[in-house]
Amino acid sequence: MTQKIARYLADHQPATPCLVFDVDRAEENFRALQHALPVARIYYAVKANPAAPVLERLVRLGSFFDAASIEEIEACLAAGARAEAISFGNTIKKASAIARAHAHGVGMYAFDSAEELEKLARHAPGAAVYCRIMVANAGADWPLSRKFGTTVERARELMLQARELGLDPMGLSFHVGSQQTSTASYEAAIAKVAILFTDLRDAGVKLRMMNLGGGFPTRYRDEVPGIGAFAAAIGAALARAFGNALPDIVVEPGRFIVGDAGVVASEVVLVSQRDPADPVRWVYLDIGRFGGLAETEGEAIKYRIATPHDGTAAGPVSIAGPTCDGADILYEKSNYRLPLALTAGDRVELRATGAYVTTYASQGFNGFAPLKEHYI
Ligand SMILES: *Cc1c(COP(=O)(O)O)cnc(C)c1O
(Lines give C-alpha, C1' and ligand atoms only; values in the text may rest on other atoms or scores of the structure.)
Protein backbone atom coordinates (compact mmCIF):
# COMPACT_ATOMS: atom_id res chain seq x y z
CA MET A 1 0.00 0.00 0.00
CA THR A 2 1.31 3.44 -0.83
CA GLN A 3 1.94 6.09 1.81
CA LYS A 4 -0.52 8.36 0.06
CA ILE A 5 -3.31 5.81 0.50
CA ALA A 6 -2.35 5.13 4.13
CA ARG A 7 -2.48 8.86 4.89
CA TYR A 8 -5.80 9.30 3.09
CA LEU A 9 -7.38 6.42 5.01
CA ALA A 10 -6.07 7.74 8.33
CA ASP A 11 -7.07 11.36 7.69
CA HIS A 12 -10.47 10.83 6.06
CA GLN A 13 -11.72 7.51 7.49
CA PRO A 14 -13.96 7.23 4.39
CA ALA A 15 -17.23 5.31 4.70
CA THR A 16 -16.78 1.65 3.81
CA PRO A 17 -16.70 -0.24 1.60
CA CYS A 18 -14.69 1.97 -0.73
CA LEU A 19 -11.71 1.86 -3.04
CA VAL A 20 -8.89 4.34 -2.50
CA PHE A 21 -6.69 4.53 -5.57
CA ASP A 22 -3.29 6.21 -5.91
CA VAL A 23 -3.01 7.42 -9.49
CA ASP A 24 0.73 8.08 -9.01
CA ARG A 25 1.27 4.35 -8.43
CA ALA A 26 -0.46 3.56 -11.74
CA GLU A 27 1.98 5.99 -13.38
CA GLU A 28 4.94 4.27 -11.68
CA ASN A 29 3.75 0.90 -12.95
CA PHE A 30 3.32 2.26 -16.47
CA ARG A 31 6.85 3.69 -16.39
CA ALA A 32 8.28 0.46 -14.95
CA LEU A 33 6.80 -1.56 -17.79
CA GLN A 34 7.97 0.99 -20.36
CA HIS A 35 11.46 0.80 -18.88
CA ALA A 36 11.52 -3.02 -18.77
CA LEU A 37 10.10 -3.52 -22.26
CA PRO A 38 11.09 -0.47 -24.32
CA VAL A 39 10.39 -2.19 -27.65
CA ALA A 40 6.69 -2.50 -26.81
CA ARG A 41 3.95 0.06 -27.27
CA ILE A 42 1.64 -0.02 -24.26
CA TYR A 43 -2.12 -0.28 -24.86
CA TYR A 44 -3.71 -0.05 -21.40
CA ALA A 45 -6.56 -2.58 -21.10
CA VAL A 46 -9.31 -0.20 -20.06
CA LYS A 47 -11.54 -2.85 -18.53
CA ALA A 48 -9.13 -3.30 -15.60
CA ASN A 49 -10.12 0.14 -14.29
CA PRO A 50 -11.85 2.63 -16.59
CA ALA A 51 -12.03 5.54 -14.13
CA ALA A 52 -11.46 8.94 -15.75
CA PRO A 53 -8.54 9.94 -13.47
CA VAL A 54 -6.69 6.76 -14.51
CA LEU A 55 -7.35 7.24 -18.22
CA GLU A 56 -6.44 10.94 -18.06
CA ARG A 57 -3.12 10.21 -16.35
CA LEU A 58 -2.29 7.54 -18.91
CA VAL A 59 -3.14 9.88 -21.78
CA ARG A 60 -0.64 12.36 -20.32
CA LEU A 61 1.98 9.58 -20.26
CA GLY A 62 1.46 8.83 -23.95
CA SER A 63 -0.29 5.50 -23.41
CA PHE A 64 -2.34 3.77 -26.08
CA PHE A 65 -5.59 2.02 -25.14
CA ASP A 66 -7.16 -1.41 -25.59
CA ALA A 67 -10.94 -0.98 -25.43
CA ALA A 68 -13.59 -3.68 -25.39
CA SER A 69 -16.73 -1.68 -26.19
CA ILE A 70 -17.83 1.56 -27.78
CA GLU A 71 -18.46 2.89 -24.26
CA GLU A 72 -14.82 2.25 -23.31
CA ILE A 73 -13.67 3.84 -26.57
CA GLU A 74 -15.69 6.95 -25.83
CA ALA A 75 -14.36 7.04 -22.25
CA CYS A 76 -10.82 7.11 -23.70
CA LEU A 77 -11.74 9.86 -26.14
CA ALA A 78 -13.35 11.86 -23.31
CA ALA A 79 -10.11 11.47 -21.35
CA GLY A 80 -8.22 13.02 -24.25
CA ALA A 81 -6.94 9.96 -26.11
CA ARG A 82 -6.51 10.21 -29.86
CA ALA A 83 -8.78 7.81 -31.79
CA GLU A 84 -5.76 6.38 -33.64
CA ALA A 85 -4.27 5.43 -30.26
CA ILE A 86 -7.21 3.15 -29.48
CA SER A 87 -7.50 -0.52 -30.39
CA PHE A 88 -10.95 -2.12 -30.46
CA GLY A 89 -9.59 -5.31 -28.93
CA ASN A 90 -12.74 -7.32 -28.28
CA THR A 91 -13.28 -10.06 -30.87
CA ILE A 92 -17.03 -9.81 -30.22
CA LYS A 93 -18.43 -6.44 -31.31
CA LYS A 94 -21.86 -5.16 -32.28
CA ALA A 95 -22.10 -3.89 -35.86
CA SER A 96 -23.31 -0.52 -34.54
CA ALA A 97 -20.28 -0.30 -32.24
CA ILE A 98 -17.88 -1.06 -35.10
CA ALA A 99 -19.48 1.63 -37.26
CA ARG A 100 -19.30 4.19 -34.47
CA ALA A 101 -15.68 3.33 -33.68
CA HIS A 102 -14.81 3.62 -37.37
CA ALA A 103 -16.52 7.01 -37.57
CA HIS A 104 -14.40 8.16 -34.60
CA GLY A 105 -11.27 7.01 -36.47
CA VAL A 106 -10.28 4.16 -34.12
CA GLY A 107 -6.98 2.69 -35.25
CA MET A 108 -7.27 -1.08 -35.22
CA TYR A 109 -9.66 -3.95 -34.65
CA ALA A 110 -9.36 -7.53 -33.32
CA PHE A 111 -11.17 -10.53 -34.72
CA ASP A 112 -10.96 -14.32 -34.49
CA SER A 113 -13.67 -15.53 -36.87
CA ALA A 114 -14.80 -15.18 -40.49
CA GLU A 115 -18.14 -13.82 -39.33
CA GLU A 116 -16.57 -10.99 -37.34
CA LEU A 117 -14.20 -10.24 -40.23
CA GLU A 118 -17.18 -9.77 -42.54
CA LYS A 119 -18.77 -7.41 -40.05
CA LEU A 120 -15.54 -5.40 -39.94
CA ALA A 121 -15.31 -5.26 -43.75
CA ARG A 122 -18.88 -3.95 -43.93
CA HIS A 123 -18.87 -1.47 -41.04
CA ALA A 124 -15.21 -0.39 -40.92
CA PRO A 125 -14.12 -0.66 -44.57
CA GLY A 126 -10.36 -0.57 -45.07
CA ALA A 127 -9.62 -0.82 -41.35
CA ALA A 128 -6.43 -2.32 -39.95
CA VAL A 129 -7.28 -5.68 -38.38
CA TYR A 130 -5.42 -8.28 -36.35
CA CYS A 131 -6.31 -11.90 -35.71
CA ARG A 132 -6.28 -13.35 -32.20
CA ILE A 133 -4.72 -16.77 -31.84
CA MET A 134 -5.59 -19.16 -29.03
CA VAL A 135 -2.59 -20.01 -26.85
CA ALA A 136 -2.11 -22.04 -23.69
CA ASN A 137 -3.22 -20.25 -20.50
CA ALA A 138 -1.36 -22.57 -18.10
CA GLY A 139 0.11 -20.59 -15.22
CA ALA A 140 -2.70 -18.01 -15.23
CA ASP A 141 -4.73 -17.59 -12.05
CA TRP A 142 -7.55 -16.02 -14.09
CA PRO A 143 -7.45 -17.87 -17.44
CA LEU A 144 -9.48 -16.80 -20.47
CA SER A 145 -10.35 -20.40 -21.30
CA ARG A 146 -11.72 -21.30 -24.69
CA LYS A 147 -13.82 -18.23 -25.31
CA PHE A 148 -11.36 -16.39 -27.57
CA GLY A 149 -8.88 -17.01 -30.33
CA THR A 150 -8.46 -19.31 -33.26
CA THR A 151 -5.87 -21.79 -34.49
CA VAL A 152 -2.73 -20.82 -36.40
CA GLU A 153 -4.04 -22.62 -39.49
CA ARG A 154 -7.38 -20.85 -39.39
CA ALA A 155 -5.73 -17.49 -38.68
CA ARG A 156 -3.71 -17.90 -41.87
CA GLU A 157 -6.88 -18.34 -43.94
CA LEU A 158 -8.60 -15.48 -42.18
CA MET A 159 -5.73 -13.07 -42.78
CA LEU A 160 -5.75 -13.89 -46.49
CA GLN A 161 -9.50 -13.38 -46.49
CA ALA A 162 -9.08 -10.03 -44.72
CA ARG A 163 -6.95 -8.83 -47.62
CA GLU A 164 -9.57 -9.99 -50.14
CA LEU A 165 -12.24 -8.10 -48.20
CA GLY A 166 -10.28 -4.87 -48.62
CA LEU A 167 -9.12 -4.73 -45.00
CA ASP A 168 -5.54 -4.13 -43.87
CA PRO A 169 -4.32 -7.40 -42.24
CA MET A 170 -1.74 -5.79 -39.97
CA GLY A 171 -0.84 -8.40 -37.37
CA LEU A 172 -1.58 -11.11 -34.87
CA SER A 173 -2.40 -11.19 -31.18
CA PHE A 174 -2.69 -13.58 -28.29
CA HIS A 175 -3.46 -13.44 -24.58
CA VAL A 176 -1.80 -15.85 -22.17
CA GLY A 177 -4.48 -15.37 -19.47
CA SER A 178 -4.72 -12.87 -16.66
CA GLN A 179 -2.54 -12.92 -13.52
CA GLN A 180 -0.10 -15.03 -15.51
CA THR A 181 2.73 -16.12 -13.25
CA SER A 182 4.78 -18.10 -15.78
CA THR A 183 7.24 -16.24 -18.00
CA ALA A 184 7.46 -19.36 -20.18
CA SER A 185 3.85 -18.87 -21.30
CA TYR A 186 4.89 -15.78 -23.29
CA GLU A 187 7.88 -17.56 -24.81
CA ALA A 188 5.73 -20.45 -26.02
CA ALA A 189 3.06 -18.13 -27.41
CA ILE A 190 5.58 -15.93 -29.25
CA ALA A 191 7.23 -18.99 -30.83
CA LYS A 192 3.85 -20.34 -31.90
CA VAL A 193 2.53 -17.12 -33.42
CA ALA A 194 5.82 -16.05 -35.04
CA ILE A 195 5.70 -19.00 -37.45
CA LEU A 196 2.69 -17.40 -39.10
CA PHE A 197 4.64 -14.20 -39.86
CA THR A 198 6.95 -16.15 -42.17
CA ASP A 199 4.17 -18.26 -43.57
CA LEU A 200 1.99 -15.28 -44.47
CA ARG A 201 4.92 -13.33 -45.92
CA ASP A 202 5.44 -16.22 -48.30
CA ALA A 203 1.75 -15.93 -49.20
CA GLY A 204 2.17 -12.21 -49.94
CA VAL A 205 0.82 -10.72 -46.70
CA LYS A 206 3.47 -8.76 -44.82
CA LEU A 207 2.43 -8.48 -41.18
CA ARG A 208 3.85 -5.59 -39.18
CA MET A 209 2.53 -6.05 -35.62
CA MET A 210 2.57 -8.69 -32.90
CA ASN A 211 0.29 -8.06 -29.92
CA LEU A 212 1.40 -9.96 -26.83
CA GLY A 213 -1.79 -9.15 -24.89
CA GLY A 214 -1.86 -8.59 -21.14
CA GLY A 215 -1.52 -10.96 -18.23
CA PHE A 216 1.43 -9.46 -16.28
CA PRO A 217 0.70 -10.22 -12.63
CA THR A 218 0.13 -8.11 -9.55
CA ARG A 219 1.44 -9.33 -6.22
CA TYR A 220 -1.45 -10.56 -4.11
CA ARG A 221 -0.99 -13.05 -1.25
CA ASP A 222 1.80 -14.95 -3.00
CA GLU A 223 4.98 -13.69 -4.62
CA VAL A 224 5.06 -13.37 -8.42
CA PRO A 225 7.98 -12.86 -10.83
CA GLY A 226 8.88 -9.19 -11.36
CA ILE A 227 8.24 -7.39 -14.63
CA GLY A 228 11.95 -7.65 -15.43
CA ALA A 229 11.71 -11.45 -15.57
CA PHE A 230 8.82 -11.24 -18.04
CA ALA A 231 10.63 -8.66 -20.14
CA ALA A 232 13.77 -10.81 -20.30
CA ALA A 233 11.82 -13.90 -21.37
CA ILE A 234 9.86 -11.93 -23.96
CA GLY A 235 12.97 -10.21 -25.31
CA ALA A 236 14.77 -13.52 -25.75
CA ALA A 237 11.77 -15.16 -27.41
CA LEU A 238 11.37 -12.23 -29.82
CA ALA A 239 15.06 -12.35 -30.72
CA ARG A 240 14.84 -16.10 -31.39
CA ALA A 241 11.75 -15.66 -33.56
CA PHE A 242 12.59 -12.48 -35.49
CA GLY A 243 16.30 -11.73 -35.10
CA ASN A 244 16.77 -8.07 -35.96
CA ALA A 245 13.63 -7.84 -38.09
CA LEU A 246 11.29 -7.21 -35.18
CA PRO A 247 7.69 -6.24 -36.02
CA ASP A 248 5.96 -3.52 -33.97
CA ILE A 249 5.37 -5.04 -30.54
CA VAL A 250 2.21 -4.25 -28.60
CA VAL A 251 1.34 -5.17 -25.00
CA GLU A 252 -2.06 -4.73 -23.36
CA PRO A 253 -1.51 -4.66 -19.60
CA GLY A 254 -4.48 -4.05 -17.35
CA ARG A 255 -3.95 -5.59 -13.95
CA PHE A 256 -0.21 -4.77 -13.88
CA ILE A 257 -0.86 -1.03 -14.28
CA VAL A 258 -3.66 -0.57 -11.74
CA GLY A 259 -3.78 -3.66 -9.48
CA ASP A 260 -1.49 -2.56 -6.67
CA ALA A 261 -2.56 1.09 -6.95
CA GLY A 262 -5.81 0.51 -5.08
CA VAL A 263 -6.90 -0.56 -1.61
CA VAL A 264 -10.43 -1.48 -0.56
CA ALA A 265 -11.32 -0.32 2.94
CA SER A 266 -13.93 -2.53 4.52
CA GLU A 267 -15.60 -2.99 7.88
CA VAL A 268 -16.00 -6.31 9.69
CA VAL A 269 -19.75 -6.90 10.07
CA LEU A 270 -19.58 -10.07 12.13
CA VAL A 271 -17.08 -12.60 13.44
CA SER A 272 -18.78 -15.80 14.50
CA GLN A 273 -17.66 -19.14 15.85
CA ARG A 274 -20.50 -21.02 14.20
CA ASP A 275 -19.49 -24.43 15.51
CA PRO A 276 -17.85 -24.45 18.97
CA ALA A 277 -16.03 -27.65 17.98
CA ASP A 278 -14.60 -26.05 14.83
CA PRO A 279 -11.69 -23.60 15.22
CA VAL A 280 -12.60 -21.91 11.95
CA ARG A 281 -14.34 -18.59 12.56
CA TRP A 282 -16.52 -16.98 9.94
CA VAL A 283 -15.59 -13.38 9.18
CA TYR A 284 -18.22 -11.38 7.30
CA LEU A 285 -17.05 -8.16 5.62
CA ASP A 286 -19.16 -5.31 4.22
CA ILE A 287 -17.82 -6.16 0.73
CA GLY A 288 -18.05 -9.51 -1.02
CA ARG A 289 -18.46 -11.21 -4.36
CA PHE A 290 -21.24 -8.82 -5.42
CA GLY A 291 -19.56 -5.70 -4.05
CA GLY A 292 -16.81 -6.05 -6.65
CA LEU A 293 -14.67 -8.99 -5.52
CA ALA A 294 -15.77 -11.15 -8.46
CA GLU A 295 -12.29 -12.51 -8.97
CA THR A 296 -12.57 -14.45 -5.71
CA GLU A 297 -14.74 -16.86 -7.73
CA GLY A 298 -13.10 -20.26 -7.36
CA GLU A 299 -10.78 -18.44 -4.90
CA ALA A 300 -8.74 -17.54 -7.98
CA ILE A 301 -7.39 -14.21 -6.81
CA LYS A 302 -6.24 -14.23 -3.21
CA TYR A 303 -6.16 -10.69 -1.84
CA ARG A 304 -3.99 -9.80 1.11
CA ILE A 305 -6.06 -8.60 4.06
CA ALA A 306 -4.62 -6.23 6.65
CA THR A 307 -6.26 -5.71 10.03
CA PRO A 308 -5.62 -3.43 13.04
CA HIS A 309 -4.47 -6.50 15.02
CA ASP A 310 -1.79 -7.80 12.63
CA GLY A 311 1.14 -9.34 14.49
CA THR A 312 -1.04 -10.76 17.27
CA ALA A 313 -2.19 -14.41 17.59
CA ALA A 314 -4.19 -15.56 14.56
CA GLY A 315 -6.42 -18.49 13.69
CA PRO A 316 -8.13 -20.03 10.67
CA VAL A 317 -11.09 -18.23 9.07
CA SER A 318 -13.61 -18.46 6.29
CA ILE A 319 -14.28 -15.03 4.81
CA ALA A 320 -17.59 -13.99 3.27
CA GLY A 321 -19.49 -10.95 2.05
CA PRO A 322 -22.56 -9.33 3.59
CA THR A 323 -25.32 -10.42 1.20
CA CYS A 324 -27.92 -13.17 1.64
CA ASP A 325 -26.49 -15.16 -1.28
CA GLY A 326 -24.74 -18.47 -0.69
CA ALA A 327 -22.27 -17.73 -3.49
CA ASP A 328 -21.07 -14.68 -1.57
CA ILE A 329 -18.14 -16.48 0.05
CA LEU A 330 -14.68 -15.13 -0.69
CA TYR A 331 -12.37 -17.75 0.85
CA GLU A 332 -13.13 -21.10 2.43
CA LYS A 333 -10.38 -23.35 1.07
CA SER A 334 -7.35 -21.09 0.79
CA ASN A 335 -6.18 -21.35 4.41
CA TYR A 336 -6.72 -17.73 5.37
CA ARG A 337 -5.80 -16.85 8.96
CA LEU A 338 -6.80 -13.62 10.72
CA PRO A 339 -6.11 -12.32 14.26
CA LEU A 340 -8.17 -13.84 17.06
CA ALA A 341 -8.79 -10.30 18.32
CA LEU A 342 -10.63 -9.33 15.12
CA THR A 343 -14.15 -8.19 15.92
CA ALA A 344 -17.23 -6.54 14.41
CA GLY A 345 -16.65 -2.88 13.66
CA ASP A 346 -12.92 -3.27 12.91
CA ARG A 347 -11.76 -1.65 9.69
CA VAL A 348 -9.72 -3.93 7.44
CA GLU A 349 -7.95 -3.34 4.13
CA LEU A 350 -7.97 -5.55 1.07
CA ARG A 351 -4.67 -4.77 -0.61
CA ALA A 352 -3.98 -4.53 -4.35
CA THR A 353 -7.62 -4.19 -5.34
CA GLY A 354 -7.16 -1.51 -8.02
CA ALA A 355 -7.94 -3.86 -10.93
CA TYR A 356 -11.17 -5.63 -11.80
CA VAL A 357 -13.07 -4.54 -8.69
CA THR A 358 -15.03 -1.29 -9.14
CA THR A 359 -16.69 -2.34 -12.39
CA TYR A 360 -17.59 -5.79 -11.12
CA ALA A 361 -19.65 -4.29 -8.27
CA SER A 362 -23.39 -4.97 -8.57
CA GLN A 363 -26.01 -2.26 -8.80
CA GLY A 364 -27.54 -2.54 -5.36
CA PHE A 365 -28.01 -6.28 -4.83
CA ASN A 366 -29.66 -6.69 -1.40
CA GLY A 367 -29.73 -2.90 -1.25
CA PHE A 368 -25.96 -2.55 -0.95
CA ALA A 369 -24.72 0.49 -2.89
CA PRO A 370 -22.09 0.08 -5.59
CA LEU A 371 -18.51 0.47 -4.36
CA LYS A 372 -17.49 4.08 -3.69
CA GLU A 373 -14.25 5.23 -5.34
CA HIS A 374 -11.69 7.83 -4.29
CA TYR A 375 -8.90 8.69 -6.74
CA ILE A 376 -6.06 10.58 -5.11
C1 LIG B 1 -8.44 -8.42 -20.25
C2 LIG B 1 -7.55 -8.26 -21.41
C3 LIG B 1 -6.30 -7.66 -21.24
C4 LIG B 1 -5.74 -7.25 -19.92
O5 LIG B 1 -5.38 -8.36 -19.18
P6 LIG B 1 -4.54 -8.19 -17.82
O7 LIG B 1 -4.38 -9.58 -17.35
O8 LIG B 1 -5.35 -7.36 -16.91
O9 LIG B 1 -3.26 -7.56 -18.17
C10 LIG B 1 -5.53 -7.46 -22.37
N11 LIG B 1 -5.94 -7.84 -23.59
C12 LIG B 1 -7.15 -8.42 -23.78
C13 LIG B 1 -7.55 -8.78 -25.14
C14 LIG B 1 -7.98 -8.66 -22.70
O15 LIG B 1 -9.15 -9.25 -22.89
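Select Ser87 and show its surroundings: leaving aside neighbours within four places in sequence, Ser87 is in contact with Tyr43, Phe65, Asp66, Ala67, Met108 and Tyr130. Contact here means heavy atoms within 4.5 Å. Before moving on, please note that this is a predicted model, in which local features need pLDDT of at least 70, side-chain atom pairs count only at pLDDT 80 or more, and totals for chains, interfaces and linings use all residues. Residues are numbered from 1 along each chain as its sequence is written, and side-chain values use heavy atoms, with hydrogens and water left out.

Ser87 belongs to strand β4 (residues 86–88). Strands (E, at least two residues) and helices (H or I, at least four) are DSSP runs, numbered from the N terminus. Is Ser87 buried or exposed? Its relative accessibility is 0%, so Ser87 counts as buried. The cut-offs are under 20% relative accessible area for buried, over 50% for exposed and partly exposed in between, using a 1.4 Å probe and protein chains only.

**Next stop: a pair of helices.** Two packed helices are described by the angle between their axes and the distance between the axes. Select helix α6 (residues 114–123) together with α7: their axes come within 11 Å and cross at roughly 20°. That makes α6 roughly parallel to α7. Axes are lines fitted to C-alpha atoms, for helices over the stretch in contact, and angles run from 0 to 180 degrees between N-to-C directions. Angles under 35 degrees count as roughly parallel, over 145 as roughly antiparallel, 65 to 115 as roughly perpendicular and the rest as oblique. To see the contact, pick Ala114, Leu117 and Glu118 of α6 with Arg154, Leu158, Gln161 and Ala162 of α7.

Helix α7 (residues 152–164) packs against helix α8 (residues 183–202) at an angle of about 40°, with the axes 10 Å apart. This makes α7 oblique to α8. Which residues make the contact? On α7 they are Val152, Ala155, Arg156, Met159 and Leu160, and on α8 they are Lys192, Leu196, Asp199 and Leu200.

Val135 sits in the loop between β6 (128–132) and β7 (140–142) and is buried, with a relative accessible area of 11%.

Arg274, in the loop between β12 (262–272) and β13 (281–285), is exposed at 53% relative accessible area. Asn335 lies in the loop between β16 (329–331) and β17 (337–339) and has a positive phi of about 55° although it is not a glycine. Ala352, in the loop between β18 (347–351) and β19 (372–375), also has a positive phi, near 55°. Are these two buried or exposed? Asn335 counts as exposed at 70% relative accessibility, whereas Ala352 counts as buried at 6%.

**Last stops.** Go to the peptide bond from Thr16 to Pro17, which is cis, with omega near -5°. Finally, select two cysteines: Cys76 is buried at 0% relative accessible area, and Cys324 is exposed at 74%. A search of the whole structure finds 0 disulfides, a disulfide being a pair of cysteine sulfur atoms within 2.5 Å.
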